[in-house]
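Open the model in your viewer and keep the selection tool ready. This tour goes stop by stop.

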Amino acid sequence: MPGLVNALVIIAVIVLVVVRQCSAQRISGDRRWWLLPGVLLFMALREPGLVDPHHRIASAIVLGAELVVGLLTGAGWAWTSRVWRAEDGSLWSRGTRATALVWVGGLGLRVALYGVAVVLGVHQGGPALMAALAATLLIREGLLALRAAAISGSLGGPVVGAAVRQEGKDRV
């Protein structure tokens, strides 16, 4: 049952993230931008199977590579997202075509890593995917918070953290 729950959580988070990425998101001063990645990381660490017990070294190397890909994907996602100040002074963000290319590249690298793991006989389960997704979201949200703070710092009061939230209609 935990495997099914993990799979459903992973799918739900990916769907939520992709849907949110396709629309303009208001960036607020909420300091809880790290909460969703933190929950995902907690779920990944509490599950057995993060590292394959039969291939510990190879599994740890593949997991490390997966985390690096996650961090790079998150950084690319954050830096290719458009961030702007609306007429009312609020900050907004939306993914661009380059963001979609970053996502496709990240998915391609993850598929390649999964193939390498299969060739090495390493079992990569849901916890490894959840940890990589947490790394992706954590770096993305953190960099967006920094970008939003830079915009706010130059045009008004500083934004301490930046949670991305959907507001009514898209604003461009």
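How far apart are the end C-alpha atoms of helix α4 (residues 97-120), and what span should its 24 residues have? Select the helix and look: the ends are 35 Å apart, and at 1.5 Å a residue the helix should span 34 Å, which agrees. The expected span is 1.5 Å times one less than the number of residues. Helices here are DSSP runs (H or I, at least four residues), numbered from the N terminus.

This is a predicted model: local features need pLDDT of at least 70, side-chain atom pairs count only at pLDDT 80 or more, and totals for chains, interfaces and linings use all residues. Residues are numbered from 1 along each chain as its sequence is written, and side-chain values use heavy atoms, leaving out hydrogens and water.

Stay on α4. Just after the helix, G121 takes a positive phi of about 80 degrees.

Next, go to L50, in the loop between α2 and α3. L50 is buried, at 17% relative accessible area. Among the residues L50 touches (heavy atoms within 4.5 Å) are L63, P127 and A131.

Last stop: the largest nonpolar core, with 16 residues. Such a core is a set of buried Ala, Val, Leu, Ile, Met, Phe, Trp, Tyr and Cys residues joined through side-chain atoms within 4.5 Å. Select V13, V17, L40, M130 and L137, which touch the most other members. Its largest share, six residues, comes from α5.

How values were computed:
Buried < 20%, exposed > 50% of the residue type's maximum accessible area, 1.4 Å probe, protein only. Helix = DSSP H or I, 4+ residues; strand = E, 2+ residues; numbered from the N terminus. Lists of a residue's contacts leave out its neighbours within four places in sequence.
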